[in-house]
Amino acid sequence: MLSSQQKRTQQQIITELGVKPEISAEQELTERIAFMKDYVRQSGAKSLVIGISGGIDSLVVGCMAQQAVEQLRAEQYDAQFIALRLPYGVQADAQDAEDAIRHIQPDRFLHINIQAATDAIQHALKQAGQNFSSPQQQDFVLGNVKARQRMVVCYAVAAANAGLVLGSDQAAEVLMGFFTKYGDGAADLMPLAGLTKQQVRDLAMQLDVPSHLVHKVPTADLESLTPLRPDEAAFGLSYEDIDAFLTGQSVSSEAFDIIVRHYRQGAHKRQLPASPLKAF
């Protein structure tokens, strides 16, 4: 049973992240696609770009983006959607990513392997004398480089095509700080903002996404030493607990403490760079 103070903290976080306890998947899709279209028009962009990982979040954003540009073209505004596959070497769940691309049917598709660029950065660090405290720390750092290298490629493709980069972070990941600063957390638009993990799945079902992708075990898959490590293993609790917190339901004191600790530790990721003009 949460205390009154804990409930107030929970509600404050829910409000800050803009989460609604219940949604209409059809209405959310309509409104979020309209948001993407409006942003494209106002910015004068000609393309939308995102990396498709094989997970449900990027797949849903990809489907929304393809619908957005098709609607724009029907309204006499020229725009295209470019989907990227950005594996590091051989991706363990490559088939899921291919299935996602097949379902989206993007206007354009580019396959760019980031391993050479990522390994070059790691090699340069070692050549410069940067040491790591353990293989696990080195693997963690490399995982962050992978995430940021993928965003480098997304922005390069966007720049070459007068485009905007889409992100796929949703409220559960933002709550837990489970994204890489200036990696997958860097984008021009975040179409899934304010949605729980289950709500993203609800949108996926509305989009007729294949069941095996809707219910796939979520994984960031950034660590080479533990490929396809489930997000929930990193969190120390389930997405059900996280979604319950985000929709104002009761959670255990242990789950509350884990969630709030992650939220506070990840505060710097949700802010613009700190400066003397605006203290952190």
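Visitor: Is Asp 57 buried or exposed?
Guide: In this predicted model, Asp 57 is buried, with a relative accessible area of 6%. The cut-off for that term is a relative accessible area under 20%.

Visitor: Which helix holds Asp 57?
Guide: Asp 57 lies in helix α3, which covers residues 56-74.

Visitor: And what is Asp 57 in contact with, leaving aside its neighbours within four places in sequence?
Guide: On that basis, the contacts of Asp 57 are Ser 168, Gln 170, Glu 173, Leu 192, Lys 197 and Val 200.

Visitor: What does the UniProt record say on Asp 57 and Glu 173?
Guide: The unreviewed UniProt entry annotates Asp 57 and Glu 173 as "binding site". The two span 117 residues in sequence, yet no two of their C-alpha atoms are more than 10.5 Å apart, so they gather at one spot.

Visitor: Where is Glu 173, then? Buried or exposed?
Guide: Glu 173 is found in helix α7, residues 171-176. With a relative accessibility of 10%, Glu 173 counts as buried.

Visitor: What does Glu 173 touch, not counting residues up to four places away in sequence?
Guide: Glu 173 touches Asp 57, Ser 168, Phe 178, Phe 179 and Tyr 239.

Visitor: Take Ser 53 and Gly 54. Where is the place of each?
Guide: Ser 53 sits in the loop between β1 (47-51) and α3, and Gly 54 is likewise in the loop between β1 and α3.

Visitor: What is the accessibility of each?
Guide: Ser 53 counts as partly exposed, at 40% relative accessibility, whereas Gly 54 counts as buried, at 2%.

Visitor: And which residues do they touch, neighbours up to four places away aside?
Guide: Ser 53 is in contact with Ser 58, Gln 91, Asp 93 and Ala 97. Gly 54 touches Asp 96, Ala 97, Leu 213 and Lys 216.

Visitor: Changing topic: how many cavities of 30 Å³ or more are there?
Guide: The structure holds one such cavity, and the volume of the largest cavity is about 30 Å³.

Visitor: What lines the largest cavity?
Guide: Its lining consists of Thr 118, Gln 122, Leu 125, Phe 132, Gln 138, Val 141, Leu 142 and Val 145. By class, five of these are nonpolar, three are polar and none is charged.

Visitor: How far does α6 reach?
Guide: Helix α6 has 26 residues and reaches 37 Å from its first C-alpha to its last, close to the 38 Å expected at 1.5 Å a residue. Just after α6, Ala 162 takes a positive phi of about 50°.

Visitor: What about the second largest pocket: what is its volume, and which residues lie nearest its centre?
Guide: The second largest pocket has a volume of about 420 Å³. Among its 20 lining residues, Phe 179, Gly 185, Met 190, Lys 269 and Arg 270 lie nearest the centre. The lining comprises twelve nonpolar, three polar and five charged residues. Phe 179 is also touched by Glu 173.

Methods. Residues numbered from 1 in each chain as written. Predicted model: local features only at pLDDT ≥ 70, side-chain atom pairs only at ≥ 80, totals over all residues. Heavy atoms only, no water. 1 Å grid on protein atoms, 1.4 Å probe; cavity = no way out; pocket = protein on both sides within 12 Å on 5 of 7 lines; lining within 4 Å. Points joined across faces, edges and corners; volume = space filled by probe spheres on them. Nonpolar A, V, L, I, M, F, W, Y, C, P; charged D, E, K, R; others polar. Helix = DSSP H or I, 4+ residues; strand = E, 2+ residues; numbered from the N terminus. Expected span 1.5 Å × (residues − 1). UniProt positions renumbered as here; feature names shortened; annotations may be inferred. Buried < 20%, exposed > 50% of the residue type's maximum accessible area, 1.4 Å probe, protein only. Contact = heavy atoms within 4.5 Å.
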